[in-house]
Amino acid sequence: MRIVLFRTDKIGDLIVSTPIIAAIKAKHPSAHIMLVAAPYNMVAAQGLSGIDEVVLFDEKNPTACIEPIRAFKPTHALVLSPKEICYDISRKIGAKHIGWIIMSYRPWVRLLAQFILPKANREIITRNPPSVHHSEHVLNLARRMGLAAPGDFPYVIARDQNAAEHIKQKLAEHNITKPYIVVHLVDKWVSENWQIEDVKNFLFMLHDKLGVDIVASAGPADTILSGALEKNMLVLKNLSFGEWTALFEASKIVISPDCAAVHIACALQKPLLALYQPSRFEIAMTEYGPRLTDYRARAILEPKKIIPFLFRDICDLLGMTHF
């Protein structure tokens, strides 16, 4: 059995889909698995346990991946990324059995699937009302196709020992030798309810009241907060994926708005405070919320309303008495 998984979107989407790897291996230990990944999430695809080959999907030249996939001689193809081009490629690689994740608000894809795929090879994601967690949709598709074992499976994430040593040295250079809280400064912090000064004040209060070091991470696109805070606290920017993972793994807890950082924390089973925009809280929690770790989740309401609850959540996650 040779299975191709298409996951050609964001890092978080890839991590949320990784339970399928362990579920397939549990039912078919000798199965060979190829992952088709995009340049953006390729960093998280490399080194994943249970993946035998990784092929690059480049949207500028999407059909270039067809030949290496054909050379793999797949028996099954599962399109976990709801992209029309991936649906099309899955039909051209020689796989006898094909399955698709389909968004309900794309009716023509649903119609096309009816003529191409058996009903058991389609997993429909609805938004009104919200569906189950995305990881469960992925597992449902694989199980209906006879590929995955029943049960709950964790996220899979690669670790890099060299990156872990580099992060350890970087923290030591800044005299951070005890457990710390890591805060990911994704620009989603700045919203209709929170501004830059609100985030700064919250993090400074967190440090002062709890006496715990705060270390921040920021990606290349996260410039609003990282630029405003880097003179006042340790902000580690533009980390490699291995370094980012190592920073989280060595932390006491992770605090982040909804982004890949939430799913990395879950993969590492780190205590997590996840924050969401109020308008997206229900659907985000249902489809992409935290799982299989100790977590608290809040909508980012006005600071005066929400900060006392955030402090209480953080104390709970740290095992500290409420103040």
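Select helix 8 (residues 161-173) and helix 11 (residues 241-249): they pack at about 60°, and their axes lie 8 Å apart. Axes here are lines fitted to C-alpha atoms, for helices over the stretch in contact, and angles run from 0 to 180 degrees between N-to-C directions. Helices (H or I, at least four residues) and strands (E, at least two) are DSSP runs, numbered from the N terminus. Helix 8 is therefore oblique to helix 11 (angles under 35 degrees count as roughly parallel, over 145 as roughly antiparallel, 65 to 115 as roughly perpendicular and the rest as oblique).

You are viewing a predicted model, where local features need pLDDT of at least 70, side-chain atom pairs count only at pLDDT 80 or more, and totals for chains, interfaces and linings use all residues. Residues are numbered from 1 along each chain as its sequence is written, and side-chain values use heavy atoms, leaving out hydrogens and water.

Next, show A163, A164, H166, I167 and L171 of helix 8 with G242, E243, A246 and L247 of helix 11, which make the contact (heavy atoms within 4.5 Å).

Six strands form an open sheet in the order 9-8-7-10-11-12, with parallel pairing (two strands pair if DSSP finds at least two bridges between them). At its edges, find strand 9 (234-237) and strand 12 (295-299), each pairing on one side only. From one strand to the next, the twist averages 20°.

Zoom in on A218, which stands opposite K237 in strand 9. Finally, select helix 14 (residues 303-318), which packs on the sheet and touches strand 7, strand 10, strand 11 (272-276) and strand 12.
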